[in-house]
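Thanks for coming. I have one structure to show today, and I will go through it in order.

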Amino acid sequence: MRAGRLGATIAEVLVWQAALSALWLVLISTVDPLELFVGLGCALVGAAAAVAARRAVSGR
């Protein structure tokens, strides 16, 4: 994997994680530290799955 492609993949994962984390924060009422860390972890897993799904569909 080239450095530019790796950077693009990392940026895509971070954008997905930010979007999923923001959506999660909107949908819950209170945030305590444990819930925040669990939500960020789940958003990271979802972001990785979204990137993998997009690559599978596009054939790259």
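Is Leu6 buried, partly exposed or exposed? Leu6 is partly exposed, because its relative accessible area is 41%, and the class of partly exposed runs between under 20% for buried and over 50% for exposed. Keep in mind that this is a predicted model.

Leu6 sits in helix H1, which covers residues 3-27. Together with Ile10 and Leu14, Leu6 forms a nonpolar patch on the surface. The accessible area of those three residues together is about 280 Å².

Now the chain as a whole. The protein chain has 2 helices and 0 strands. Its radius of gyration is 13 Å, whereas a compact globule of 60 residues would have one near 10 Å. Along the principal axes, the C-alpha atoms fill a box of roughly 40 × 20 × 15 Å. Of the 60 residues, 18% are buried. The chain exposes about 4300 Å², and carbon and sulfur atoms supply 75% of that area.

Next, the record. An unreviewed UniProt entry carries the annotation "transmembrane region" for residues 7-28 and 34-53. How do those spans look in the model? Residues 7-28 are 95% helix and 0% strand, with the end C-alpha atoms 32 Å apart. Residues 34-53 are 100% helix and 0% strand, and there the end C-alpha atoms lie 29 Å apart.

On to helix H2, residues 33-58, where Pro33 has its place. Pro33 counts as exposed because its relative accessibility is 57%, and the cut-off for exposed is over 50%. From Pro33 to Ala43 is 10 residues in sequence and 15 Å in space, C-alpha to C-alpha.

Last, the charged contacts. How many salt bridges does the count give? The count comes to 1 salt bridge. The side chains involved are those of Arg54 and Glu12, at 2.6 Å from N to O.

To recap: 2 helices and 0 strands, a nonpolar surface patch of Leu6, Ile10 and Leu14, and a salt bridge between Arg54 and Glu12. That is what I have.

How values were computed. Residues are numbered from 1 along each chain as its sequence is written. This is a predicted model: local features need pLDDT of at least 70, side-chain atom pairs count only at pLDDT 80 or more; totals for chains, interfaces and linings use all residues. Side-chain values use heavy atoms; hydrogens and water are left out. Helices (H or I, at least four residues) and strands (E, at least two) are DSSP runs, numbered from the N terminus. The radius of gyration is taken over C-alpha atoms; the globule rule is 2.2 Å times the number of residues to the power 0.38. Buried means under 20% relative accessible area, exposed over 50%, partly exposed in between (1.4 Å probe, protein chains only). Accessible areas come from the Shrake-Rupley method with a 1.4 Å probe; for residues, only the protein chains shown count as cover. Patches are made of residues with over 30% relative accessible area and no salt bridge: like charges are joined within 9 Å, nonpolar side chains (Val, Leu, Ile, Met, Phe, Trp, Tyr) within 5 Å. A salt bridge is a side-chain nitrogen of Lys or Arg within 4 Å of a carboxyl oxygen of Asp or Glu. UniProt positions are given in the numbering used here, feature names are shortened, and annotations may be inferred rather than shown by experiment.
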